[in-house]
Amino acid sequence: MALAIMCSGGDAPGMNPAIKKFVDYSYKNAQESYLVYDGLEGLIDNNIKKASHHDVAGIMHNGGTILRSSRSKRFFDVKYRQRAFENLKAHGIDGLVVLGGDGSFRAMERFSSEFNINFVGIPSTIDNDIYGTDYCLGVDTALNVIRDSLDKIRDTAASFKRAFIVEVMGRDCGFLAIVSAMISGAEVCVIPEVEFEHEKLGKRLAKEVKDGRKYIIAVVAEGTKKTTQVYNWLQDEIGLETRVSILGHIQRGGNPTVYDRLMAFDFTIIAVDYLLTHSDSNKVAVYQKGEFKLLDIQEVVSHKYELPKHYLRAVNLLD
Ligand code: F6P
């Protein structure tokens, strides 16, 4: 049996440990393994290569992905999906592991409904926004990058009388923002899932500033598109000179943490074991309440991820 692995969409720390485990574990199980470079674009262009240990030597500690990734517009066209399918067949590939996020899984759902593709997805996105799994590869590393930035911003914030807004990634999901706000003790957190009720919070913060509060840290999720509104509010209504830091793609980089490496191994083993024992899989490996499971891709892409309820209580932390 021959299996292949590829990355799709935004890269995430943990992809490289997963790729390494994939090649090593396939070898241990006496299976041929293939590497698809450049994501769905590479699948279309037949950028597919038989893997050797040499390809994955010394990559465990690196962020990003040695396979590179892409957001493919061509894959929306059935003509290119047909070409991708033919490439897989030409290499004799029986199963595919896809490291990706929501958009990539939607693409795979489409692909597998049209062609006889045997695949397992591994949730890999710093956004942690995939239905059915408590954890996606890359999240712990991204949270640590944000935590480090917030700790540093607090140093300078505490040295001045100022407010600081830190805008974090997450697309339409507030997971990175809410967890970062909680673990850094931010005073304000604005996420897409919860209405930003600034009046009550504003009254309290303005009074605290009057009574001697020196600085405020506000974490704003990019998906709210409210960074400017929060800036004006802090500056004009709360009355603190305000600065904005948009962390951007720095959040996607960095050496995968211990947790991301271990999760990468477990997700990969589940995915490979499933592909080796099933010939008609279109699944996503998920992690729920401490256990690994496989869900139908259809179920995953037809539902929206919801933040854990107990996290929501932490929004507008001074409220
Ligand atoms: O999905 C991961 C992510 O980093 C999001 O948090 C962000 O909105 C988006 O990708 C950025 O995408 P790109 O790298 O294509 O600009």
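Predicted model: local features only at pLDDT ≥ 70, side-chain atom pairs only at ≥ 80, totals over all residues.
Where is the place of Ala30? The first legend answers this.

**View 1. Ala30 sits in the loop between helix 1 and strand 2 (32–36).** Residues are numbered from 1 along each chain as its sequence is written. Helices (H or I, at least four residues) and strands (E, at least two) are DSSP runs, numbered from the N terminus. Ala30 is not a glycine, yet has a positive phi of about 55°. Most residues other than glycine have a negative phi. Ala30 counts as exposed, at 69% relative accessibility. Buried means under 20% relative accessible area, exposed over 50%, and partly exposed in between (1.4 Å probe, protein chains only).

**View 2. Asn128 has a positive phi of about 50°.** Asn128 is not a glycine either. The loop between strand 5 (119–123) and helix 5 (139–157) holds Asn128. Is Asn128 buried or exposed? Asn128 is buried, with a relative accessible area of 0%.

**View 3. Helix 1 (residues 15–28) crosses helix 9 (residues 258–277) at roughly 40°.** Their axes come within 8 Å. Axes are lines fitted to C-alpha atoms, for helices over the stretch in contact, and angles run from 0 to 180 degrees between N-to-C directions. Helix 1 is therefore oblique to helix 9. Angles under 35 degrees count as roughly parallel, over 145 as roughly antiparallel, 65 to 115 as roughly perpendicular and the rest as oblique. Helix 1 passes helix 9 in a right-handed crossing. A crossing is right-handed if the near helix is turned clockwise from the far one by less than a right angle, and left-handed if anticlockwise. Helix 1 brings Pro17, Ala18, Lys21, Phe22 and Tyr25 to the contact. Helix 9 brings Arg261, Ala264, Phe265, Thr268, Ile269, Val272 and Asp273. Contact means heavy atoms within 4.5 Å. The residues of this contact divide into eight nonpolar, one polar and three charged. Ala, Val, Leu, Ile, Met, Phe, Trp, Tyr, Cys and Pro count as nonpolar, Asp, Glu, Lys and Arg as charged, and the others, Gly among them, as polar.

**View 4. Helix 7 (residues 198–210) packs on helix 8 (residues 227–238) at an angle of about 45°.** Their axes are 10 Å apart. That angle makes helix 7 oblique to helix 8. The crossing of helix 7 past helix 8 is right-handed. From helix 7, the contact uses His198, Leu201, Gly202, Leu205, Ala206 and Val209. From helix 8 come Gln229, Trp233, Glu237 and Ile238. Six residues of the contact are nonpolar, three polar and one charged.

**View 5. Glu208 forms a salt bridge with Arg204.** The closest N and O atoms are 3.3 Å apart. A salt bridge is a side-chain nitrogen of Lys or Arg within 4 Å of a carboxyl oxygen of Asp or Glu. Side chains of opposite charge can pair when their charged atoms come close. Glu208 and Arg204 are four residues apart in helix 7, so about one helical turn separates them. Glu208 is partly exposed at 21%, and Arg204 is partly exposed at 40%. A network of salt bridges links Glu187, Arg204, Glu208 and Arg213.

**View 6. Arg74 and Glu41 join distant parts of the chain by a salt bridge.** The whole structure holds 21 salt bridges. In this one, the closest N and O atoms are 3.1 Å apart. Arg74 lies in the loop between strand 3 (48–50) and helix 3 (78–90), and Glu41 in helix 2 (residues 39–44), 33 residues apart. Arg74 is partly exposed, with a relative accessible area of 24%. Glu41 is also partly exposed, at 23%.

**View 7. Lys49 meets Asp55 in a salt bridge.** The N to O distance is 3.0 Å. Lys49 counts as partly exposed, at 37% relative accessibility. Asp55 counts as buried, at 17%.

**View 8. Glu222 lies in the loop between strand 8 (216–221) and helix 8.** Glu222 is partly exposed, with a relative accessible area of 28%. Glu222 and Val168 are 54 residues apart in sequence, but their C-alpha atoms are 5.7 Å apart in space. Leaving aside neighbours within four places in sequence, Glu222 contacts Glu167, Val168, Met169, Gly170 and Arg171.

Technical notes: Heavy atoms only, no water.
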